[in-house]
Amino acid sequence: MTDDHLHESELLRRLADGEPAAFGAVYRQFYQRIYSFAKIYLPDKEDAEDVTADTFVKLWNRRDNFASMSNVKAFLHVTARNGCFDFLRHT
């Protein structure tokens, strides 16, 4: 196992255990990427921020379901995309 894999598996384990510091690390790693992605669909800054925040709440609620950081990344993008589509559908 590589150091990156050990670090990733430890971070995922800590996230699954509900450790706020682990969630914070994931949040910092992906926030800007997810927010920028949401801005593609939602030009209004506040709307994109709301969808991004909701996306991370959903990650927290499902935090024990991820086998890799690639799974986390995919979940965040799909959830943000769906959140944008839902927002657009209801406006």
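This is a predicted model: local features need pLDDT of at least 70, side-chain atom pairs count only at pLDDT 80 or more; totals for chains, interfaces and linings use all residues.
**Aromatic pairs.** Rings of Phe, Tyr and Trp (its six-membered ring) pair if their centres lie within 6.5 Å; planes under 30 degrees apart are stacked, over 60 edge-to-face, the rest tilted. I checked Tyr27 and Phe56: their centres are 4.8 Å apart and their planes at 65°, so this pair is edge-to-face. Tyr27 sits in helix H2 and Phe56 in helix H3, 29 residues apart. Helices are DSSP runs (H or I, at least four residues), numbered from the N terminus.

Which of the two is buried? Phe56 is, at 2% relative accessibility. Tyr27 is partly exposed, at 33%. Buried means under 20% relative accessible area, exposed over 50%, partly exposed in between (1.4 Å probe, protein chains only).

**Cluster.** I noted one aromatic cluster of Phe23, Tyr27, Tyr31, Tyr35, Phe56 and Trp60.

**Core.** The largest nonpolar core has 17 residues; Phe56 and Val72 are among those that touch the most other members. H2 gives the largest share, 6 residues. Such a core is a set of buried Ala, Val, Leu, Ile, Met, Phe, Trp, Tyr and Cys residues joined through side-chain atoms within 4.5 Å. I then looked up Val72: leaving aside neighbours within four places in sequence, Val72 is in contact (heavy atoms within 4.5 Å) with Leu12, Val26, Phe30, Leu59 and Phe66.

**Ground rules.** Residues are numbered from 1 along each chain as its sequence is written, and side-chain values use heavy atoms, without hydrogens and water. Local features need pLDDT of at least 70 and side-chain atom pairs count only at pLDDT 80 or more, while totals for chains, interfaces and linings use all residues.

Technical notes: Helices (H or I, at least four residues) and strands (E, at least two) are DSSP runs, numbered from the N terminus.
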